[in-house]
Amino acid sequence: ALIQARQALSDGNANQASQHYAHLIRAGVNVDKVIADLQEALYRHPVDVNIWQTLGDAYMRTDKLDEALEAYTKAEDLLR
């Protein structure tokens, strides 16, 4: 799933990548790598709500609550 997510990002399909990353987050697999990938993805897709929300989910999974709140807040701001 990590390879599929990275390929989707490389292809410019952030929504599909977010789905693959979400699967990894739910499974608790490679979450640190997911966070690093999503942070990097935000340089290319800074206004993608799905990436921000998925990043928030990854932070929540790793008990980084302040970072999760920031990511969720950014996603919410982008929806307005």
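Helices here are DSSP runs of H or I, at least four residues long, numbered from the N terminus. Keep that in mind for the labels below, and remember that this is a predicted model.

**View 1. Asp11, in the loop between α1 and α2.**
Start with Asp11, which sits in the loop joining these two helices. Is Asp11 buried or exposed? Its relative accessible area is 57%, and the cut-off for exposed is over 50%, so Asp11 counts as exposed. Look at its side chain too: a polar contact of 2.8 Å links it to the side chain of Gln7. Now find Tyr59, 48 residues from Asp11 in sequence. From C-alpha to C-alpha, Asp11 and Tyr59 are 25 Å apart in space.

**View 2. Helix α1 against helix α2.**
Two packed helices are described by the angle between their axes and the distance between the axes. For α1 and α2 (residues 14–27), the axes come within 7 Å and cross at roughly 160 degrees. An angle over 145 degrees counts as roughly antiparallel, so that is the word for α1 relative to α2. Their crossing is left-handed. Which residues make the contact? From α1 come Leu2, Gln4, Ala5, Arg6, Ala8 and Leu9, while α2 brings Ala14, Gln16, Ala17, His20, Tyr21 and Leu24. Sort the residues in this contact by class and you get eight nonpolar, three polar and one charged.

**View 3. Helix α1 against helix α3.**
Here is α1 again, this time packed with α3 (residues 31–44). The angle is about 5 degrees, and the axes are 11 Å apart. Under 35 degrees counts as roughly parallel, so α1 is roughly parallel to α3. On the α1 side, the contact uses Leu2, Arg6 and Leu9. On the α3 side, look for Lys33, Asp37, Ala41 and Arg44. How many residues of each class are in the contact of α1 with α3? There are three nonpolar, no polar and four charged residues.

**View 4. Ile3 in helix α1.**
Zoom in on Ile3, a residue of α1 (residues 2–10). Its relative accessible area is 72%, so Ile3 is exposed. For a sense of distance, pick out Gln19, which is 16 residues from Ile3 in sequence. In space, the C-alpha atoms of Ile3 and Gln19 are 13 Å apart.

**View 5. Leu38 and Thr54, in contact with each other.**
Leu38 belongs to helix α3, and Thr54 to helix α4. Leaving aside neighbours within four places in sequence, Leu38 is in contact with Tyr21, Ile51, Thr54 and Leu55. Ile51 is 13 residues from Leu38 in sequence, with 6.5 Å between their C-alpha atoms. Not counting residues up to four places away in sequence, Thr54 touches Ser18, Tyr21, Ala22, Ile25 and Leu38. The side chain of Thr54 also has a polar atom 2.7 Å from the backbone oxygen of Asn50.

**View 6. Helix α4 against helix α5.**
These two helices, α4 (residues 49–61) and α5 (residues 65–79), pack at an angle of about 160 degrees. Their axes are 8 Å apart. That angle makes α4 roughly antiparallel to α5, and the crossing is left-handed. Residues of α4 in the contact include Val49, Trp52, Leu55, Tyr59 and Met60. Among those of α5 are Leu65, Ala68, Tyr72, Leu78 and Leu79. By class, the contact of α4 with α5 has twelve nonpolar, two polar and three charged residues.

**View 7. Positive phi at Asn30 and Asp63.**
Last stop: two loop residues. Asn30 lies in the loop between α2 and α3. Although Asn30 is not a glycine, its phi is positive, at about 55 degrees. At 33% relative accessibility, Asn30 counts as partly exposed. Asp63 is in the loop between α4 and α5. Its phi is near 60 degrees, a positive value in a residue other than glycine. With 64% relative accessibility, Asp63 counts as exposed.

Methods
Residues numbered from 1 in each chain as written. Predicted model: local features only at pLDDT ≥ 70, side-chain atom pairs only at ≥ 80, totals over all residues. Heavy atoms only, no water. Axes fitted to C-alpha atoms, helices over the stretch in contact; angles between N-to-C directions. Parallel < 35°, antiparallel > 145°, perpendicular 65-115°, else oblique. Left-handed = near helix turned anticlockwise from the far one by under 90°. Contact = heavy atoms within 4.5 Å. Nonpolar A, V, L, I, M, F, W, Y, C, P; charged D, E, K, R; others polar. Polar contact = N/O pair within 3.5 Å; in protein donor to acceptor, adjacent residues only side chain to side chain. Buried < 20%, exposed > 50% of the residue type's maximum accessible area, 1.4 Å probe, protein only.
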